[in-house]
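This report describes the fold, the principal pocket and selected residues of the structure shown below.

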Amino acid sequence: MITPDILQITEFLTVLQLPLGLAIVILAVHGYRRNTSRPMIFLGVGIAMMTLVSTAATAISSVLLDTFFVAPLSLAAETIGMGLILYSVVLARRK
């Protein structure tokens, strides 16, 4: 059973995740502009997908759509984000 304390902790962590993700994305964009490094932009977009887009998808889909769609939309955003991060760390460095 979900208690009010667990909901408060979840809400707090969700609100904390947004500015942290935004700060990392901003730093990645600055790194891209400074070095014109393609992997850095993929890293920034991947982190944005995992934090900002995933949280937004969860919030919007839980309000507008049925609860059945909440987890798949959030997981899809996170999976795309992980793929972009993997590309930035491993594959883009080879070029």
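Read along the sequence, the protein follows the pattern α-α-α, with three helices and zero strands in total. Helices (H or I, at least four residues) and strands (E, at least two) are DSSP runs, numbered from the N terminus. The model is predicted: local features need pLDDT of at least 70, side-chain atom pairs count only at pLDDT 80 or more, and totals for chains, interfaces and linings use all residues. Residues are numbered from 1 along each chain as its sequence is written, and side-chain values use heavy atoms, with hydrogens and water left out.

**Overall dimensions and burial**

Along the principal axes, the C-alpha atoms occupy a box of roughly 50 × 25 × 20 Å. The protein has 95 residues, of which 24% count as buried. Buried means under 20% relative accessible area, exposed over 50%, and partly exposed in between (1.4 Å probe, protein chains only).

**The largest pocket**

The volume of the largest pocket is about 270 Å³. A pocket is an open set of points on a 1 Å grid over the protein atoms alone, where a 1.4 Å probe fits, with protein on both sides within 12 Å along at least five of seven lines; lining residues have an atom within 4 Å of a point. Grid points are joined across faces, edges and corners, and the volume is the space filled by probe spheres set on the points.

Which helices contribute to this lining? H1, helix H2 (38-64) and helix H3 (70-91) each supply at least two residues. The largest share, five residues, comes from H1. Among the lining residues are Leu7, Thr10, Glu11, Thr58, Ala59 and Glu78. By class, the lining divides into two nonpolar, seven polar and two charged residues. Here Ala, Val, Leu, Ile, Met, Phe, Trp, Tyr, Cys and Pro count as nonpolar, Asp, Glu, Lys and Arg as charged, and the others, Gly among them, as polar.

**Surface patch on the nonpolar side chains**

Ile9, Phe12, Leu13, Leu16 and Leu20 form a nonpolar surface patch, together exposing about 500 Å² of accessible area. Patch members have over 30% relative accessible area and no salt bridge, and nonpolar side chains (Val, Leu, Ile, Met, Phe, Trp, Tyr) are joined within 5 Å, like charges within 9 Å. A salt bridge is a side-chain nitrogen of Lys or Arg within 4 Å of a carboxyl oxygen of Asp or Glu. The areas come from the Shrake-Rupley method with a 1.4 Å probe, and for residues only the protein chains shown count as cover. Leucine 13, one of the patch residues, lies in helix H1 (residues 4-35).

**Selected residues**

The table gives the relative accessibility of individual residues.

| Residue | Relative accessible area | Class |
|---|---|---|
| Aspartate 5 | 52% | exposed |
| Leucine 13 | 48% | partly exposed |
| Valine 25 | 15% | buried |
| Threonine 36 | 62% | exposed |
| Leucine 73 | 38% | partly exposed |

Aspartate 5 belongs to helix H1; its C-alpha is 22 Å from that of valine 70, at a sequence separation of 65 residues. Valine 25 is also placed in helix H1, and its C-alpha is 20 Å from that of phenylalanine 12, 13 residues apart in sequence. Leucine 73 is located in helix H3; 17 residues separate leucine 73 from alanine 56 in sequence, and their C-alpha atoms are 9.9 Å apart.

Where does threonine 36 sit? Threonine 36 is in the loop between H1 and H2. Its phi is near 45°, a positive value in a residue other than glycine.
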